[in-house]
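Please look through the sequence and the model shown here before reading on.

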Amino acid sequence: MSKGIDVAGLEHSFRARGGAVPALDRIDLAIEPGELVTLAGPSGCGKTTFLRMIAGFVAPSSGTITVGGTTVRGPGVDRGVVFQQPTLYPWLDVRRNVALGPKLRGVGKAERRATADRYLSLVGLSDAADRRPYELSGGMQQRAQIARVLAGDPEVVLMDEPYGALDALTRERLQNELLTLWRETGKTILFITHSVDEAVFLGSRVLVMSPRPGRIVLDEKVPFSSRSLAPDEIRALPEFAETAARVRAAIAP
Amino acid sequence: MSSSHLEAVRGPRRWLGLLASLVVLLAVWSVVAAADLVEPHYLTPSPLEVWDAFVRANSHHAVGGGVDRVVRGEENYYLWEHLVVSLRRIGLGLGLGVVVGVPLGLLMGTVRWVGDLAGPYVDFLRSLPPLAYIGFLVAWFGIYDASKVWLLFLAAFPPITLATINGVRGVRQDQLNAARSLGASGLQLQTQVIIPATLPDILSGLRVAVGFAWTTVVAAELVNGLPGIGGLAYLSGTQNKIALSVACILVIGLTAIALDAVIRTIEKLVVPWRGKA
């Protein structure tokens with residue numbers, strides 16, 4: 001059910017006054033099905049643009065992206081997107097937000113309601129199902145957004161700094177939850193962050209992108225999250241700190 | 001939570017303040033009317049005389065002046081019937097304005113070239129005082145209700161259309177992207193995201209249109225406006241029935257406030273998320 005992502009010769013530049021501004025520079029990358037890949041980099045390096053290209057919101061200047069062997073030509077249900085700012089719809093309660101994907105695919109009312117409730121309980125939001133998104137805290141909104149994406153049953157989940165706006169405690173709790181979700185669902189996940197610790201903690205593989213124009217300057221398998229270690233044990237490992245130091249050095253050499 | 005606490009304190013205080021100002025207004029008005037500063041007396045009717053005119057206009061009453069005849073309200077209609085006729089006109093005009101204005105706004109907001117093409121005309125129509133074309137409409141549609149409903153339609157739909165366009169263009173790009181990634185087709189994007197997201201703006205436009213249509217209908221009834229509350233206000237003035245004219249003016253003003261309150265209540269019910277998300 002999970003699919004891989006293949007990126008070949010990807011380049012992108014923005015049109016601006018005074019010519020083209022290069023944003024991404026020759027990216028070649030293969031993400032295996034079921035990997036949780038984290039991509040770290042300084043702000044403005046093009047990592048969000050990269051993610052939006054895989055999502056199909058932006059077309060690259062050149063190069064190709066394929067997901068599960070199919071070339072990306074636009075947004076599609078095989079790629080779920082968790083946005084930095086939650087995009088829940090205020091006119092729907094939380095349950096209907098989560099049930100939207102099945103609804104758009106024409107799933108019947110009772111069935112999509114059951115699907116929504118299942119994913120809401122998976123992210124610990126069963127009690128909030130009847131509330132409106134603006135009645136939830138930032139952390140709960142991100143949980144609801146993740147539930148909505150999972151309820152759409154995508155092969156690949158793309159996450160664009162989803163925890164960037166949350167306080168440290170909430171952030172850590174959501175990281176732990178994501179790890180559990182990934183282990184349970186086996187989805188392919190690309191997770192963008194500007195936090196080194198987050199990248200190292202979550203990733204089964206960590207990528208680092210250079211400042212604009214973005215290139216992949218570090219690509220390292222990280223064993224922690226794939227092992228069945230508890231979150232606090234991972235953070236306490238000596239190798240965790242070592243890997244974090246290497247990633248930090250790659251971001252700011 | 002603190003705002004609701006404030007409201008709880010403010011609510012009664014506000015009503016008390018309103019009541020006090022009303023008492024002062026009526027007192028000053030009574031004194032001025034009794035002082036007969038202006039001659040003849042009928043130019044300054046007292047609050048009681050206005051109330052009396054209001055009651056007479058809503059009942060069968062003797063013509064007075066020694067004549068034995070009993071008439072029905074004013075000009076054969078009760079005052080509330082005059083009001084209902086005017087409300088029916090703006091109801092029709094606004095209804096047509098919504099039926100035409102909202103889809104047009106959605107189209108103009110979604111399809112760039114349609115917006116660019118039709119935009120200047122809607123803008124032009126919006127900036128025209130509607131009474132400028134009443135003569136034209138009378139020539140086309142006659143002096144009866146059709147020309148007035150057309151007038152109100154033409155007054156109501158530009159603000160509704162412009163607000164709708166504004167709403168469509170203000171939909172967050174990622175709210176659209178999220179729906180696309182969940183598999184929304186073009187039509188589903190319209191019905192599931194764009195229309196609900198635009199609803200607060202549509203209702204704002206409707207509120208503007210209601211105010212605009214109400215001022216317009218009262219003015220439009222200067223020409224063959226009976227029955228109609230604007231027509232009655234005008235006629236009574238020309239016949240030196242000043243008390244009745246003042247009663248009509250009060251009814252017109254209070255109706256405008258009530259209409260606005262109705263729309264705001266609808267807004268609270270239909271778009272409870274306004275200002276929160």
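This is a predicted model: local features need pLDDT of at least 70, side-chain atom pairs count only at pLDDT 80 or more; totals for chains, interfaces and linings use all residues.

Residues are numbered from 1 along each chain as its sequence is written, chains are lettered from A and ligands numbered from 1 in the order in which they are written, and side-chain values use heavy atoms, with hydrogens and water left out.

Cys45(A) counts as buried because its relative accessibility is 1%, and Cys248(B) counts as buried because its relative accessibility is 0%.

In chain A, an open sheet of four strands runs in the order 2-1-4-5 with antiparallel pairing. The edge strands are strand 2 (19-31) and strand 5 (70-71) of chain A, each of which pairs on one side only. Helices (H or I, at least four residues) and strands (E, at least two) are DSSP runs numbered from the N terminus, and two strands pair if DSSP finds at least two bridges between them. Strands of a sheet pair through backbone hydrogen bonds, either parallel or antiparallel. Between strand 1 (residues 5-16) of chain A and strand 2 of chain A the antiparallel pairing extends over nine bridges, and Ser13(A) stands opposite Pro22(A) of strand 2 of chain A.

Strand 1 (residues 60-64) of chain B pairs with strand 2 (residues 67-72) of chain B in the antiparallel sense, over four bridges, and the bridge partner of Gly64(B) is Val67(B) in strand 2 of chain B. Two residues lie between the strands of this hairpin, in which Gly65(B) takes a positive phi near 65°.

Helix 10 (residues 242-270) of chain B, with 29 residues, reaches 42 Å from its first C-alpha to its last, close to the 42 Å expected at 1.5 Å a residue; the expected span is 1.5 Å times one less than the number of residues. The buried residues of helix 10 of chain B include Cys248(B), Val251(B), Thr255(B), Leu259(B) and Glu267(B). The buried residues of this helix pack against helix 2 (47-57), helix 3 (79-110), helix 8 (186-220) and helix 9 (229-238) of chain B.

Leu87(B) has its place in helix 3 of chain B and, with a relative accessible area of 29%, is partly exposed. Leaving aside its neighbours within four places in sequence, Leu87(B) is in contact (heavy atoms within 4.5 Å) with Trp214(B), Thr255(B) and Leu259(B). The C-alpha atoms of Leu87(B) and Val217(B) are separated by 8.8 Å, although these residues are 130 apart along the chain.

In chain A, Leu88(A) lies in the loop between strand 6 (79-82) and helix 2 (94-98) of chain A, and it is buried, with a relative accessible area of 7%. Beyond its neighbours within four places in sequence, the contacts of Leu88(A) include Pro133(A), Ala144(A) and Arg148(A), as well as Gln175(B). Leu88(A) and Ala144(A), 56 residues apart in sequence, are 7.9 Å apart in space, C-alpha to C-alpha.

Helix 6 of chain A has 18 residues and reaches 25 Å from its first C-alpha to its last, close to the 26 Å expected at 1.5 Å a residue. Among its buried residues are Leu174(A), Leu178(A), Leu181(A) and Trp182(A), and just after this helix Gly186(A) takes a positive phi of about 65°.

On a 1 Å grid over the protein atoms alone, a cavity is a set of points where a 1.4 Å probe fits but cannot get out, and a pocket is an open set with protein on both sides within 12 Å along at least five of seven lines, lining residues having an atom within 4 Å of a point. Grid points are joined across faces, edges and corners, and a volume is the space filled by probe spheres set on the points. The whole structure has four cavities of 30 Å³ or more, and the largest cavity holds about 70 Å³ of space. Its lining includes Leu178(A), Leu181(A) and Trp182(A), and helix 6 of chain A gives the largest share, four residues. The largest pocket has a volume of about 490 Å³, and of its 14 lining residues Leu22(B), Leu26(B), Trp29(B), Leu250(B) and Leu254(B) lie nearest its centre.

Conventions. Buried means under 20% relative accessible area, exposed over 50%, partly exposed in between (1.4 Å probe, protein chains only).
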